[in-house]
Amino acid sequence: MHAIMTRLGQDHARLRRVLDLLEELLDRFHEGDEPDYELMDELLEYMDSYADIVHHPTEDLIFQRLIDKGVEPSEILSIPMRQHAGLSRLTKDFRQSLLGILSEEVLLREDVEAAGRALVGNQRGHLIQEEREALPLALEHLTEADWAEIEAVAPAIEDPVFGAPDPQRFKALYRQLVEQVQP
């Protein structure tokens, strides 16, 4: 398997861990607990920045290459590309809700929770679609020359939470949030 596909697979596994953590925090929020909203905002900043700057643009390069090669059905490739912008919007919307709480705005708990659950649910569905349909097409149709060209232009920034070197800010963030959800 090409190194980019290995990285994308690792990104998906790591994102699932983050989504599990976020879902647990939302469950506790639903029960009336007050999680650390600043830490949750930091988690969303990670999702927003890494996904939008590195992960999704890399996938878009792969999917566009497949479309350019005439791989059918092209909807399997164009749908996740369109979803990337929507996922970014959902992340920003949920972050805005958390920032509203931090600014002591009057917000309905169910609206804040709904924004978080929309993000988690849509992100999970997106990952499943990519892994079952779109990414297998890349493995089947892209040549070594295609991979080399994609790698030459793909963003190459290390994952700030799970990668190495790992900035202490994100490492501490993840650890603190995990501690919040453990009994």
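Before reading any element boundaries, I noted that helices here are DSSP runs of H or I with at least four residues, numbered from the N terminus. With that in hand I turned to helix α2, residues 37-68, in which tyrosine 46 and tyrosine 50 lie four residues apart and are therefore separated by about one helical turn.

**Entry: confidence.** I am working with a predicted model, and I looked up its confidence before anything else. The mean pLDDT of the chain is 89, with 92% of the residues reaching 70 or more.

**Entry: overall fold.** I counted six helices and zero strands in the chain, and from the N terminus on the elements run α-α-α-α-α-α. The radius of gyration is 18 Å, close to the 16 Å that the globule rule gives for 183 residues, so I note the chain as being as compact as a globular protein of that length. Along its principal axes the C-alpha trace spans about 50 × 35 × 25 Å. Of the contacts with a separation of 6 or more, 82% are made by residues 24 or more positions apart.

Entry: The UniProt record, an unreviewed entry, carries the annotation "domain: Hemerythrin-like" over residues 7-138. I checked that stretch in the model and found it 86% helix and 0% strand, with its end C-alpha atoms 14 Å apart.

**Entry: surface and burial.** Buried residues make up 45% of the 183 residues. The accessible surface of the chain comes to about 9300 Å², and 53% of that surface belongs to carbon and sulfur atoms.

**Entry: aromatic pairs.** I asked how many aromatic pairs the chain holds, and the count comes to two. Phenylalanine 29 and tyrosine 37 form an edge-to-face pair, at 6.2 Å centre to centre and with 85 degrees between the planes. Since buried means under 20% relative accessible area, phenylalanine 29 counts as buried at 4%, and tyrosine 37 counts as buried at 9%. The rings of tyrosine 46 and tyrosine 50 have their centres 6.2 Å apart and their planes at 10 degrees, so I recorded this pair as stacked. Both of these residues, tyrosine 46 and tyrosine 50, are buried.

Definitions and conventions:
Residues are numbered from 1 along each chain as its sequence is written. This is a predicted model: local features need pLDDT of at least 70, side-chain atom pairs count only at pLDDT 80 or more; totals for chains, interfaces and linings use all residues. Side-chain values use heavy atoms; hydrogens and water are left out. pLDDT is the predictor's confidence in each residue, from 0 to 100. UniProt positions are given in the numbering used here, feature names are shortened, and annotations may be inferred rather than shown by experiment. Helices (H or I, at least four residues) and strands (E, at least two) are DSSP runs, numbered from the N terminus. The radius of gyration is taken over C-alpha atoms; the globule rule is 2.2 Å times the number of residues to the power 0.38. Buried means under 20% relative accessible area, exposed over 50%, partly exposed in between (1.4 Å probe, protein chains only). Contact means heavy atoms within 4.5 Å. Accessible areas come from the Shrake-Rupley method with a 1.4 Å probe; for residues, only the protein chains shown count as cover. Rings of Phe, Tyr and Trp (its six-membered ring) pair if their centres lie within 6.5 Å; planes under 30 degrees apart count as stacked, over 60 as edge-to-face and the rest as tilted.
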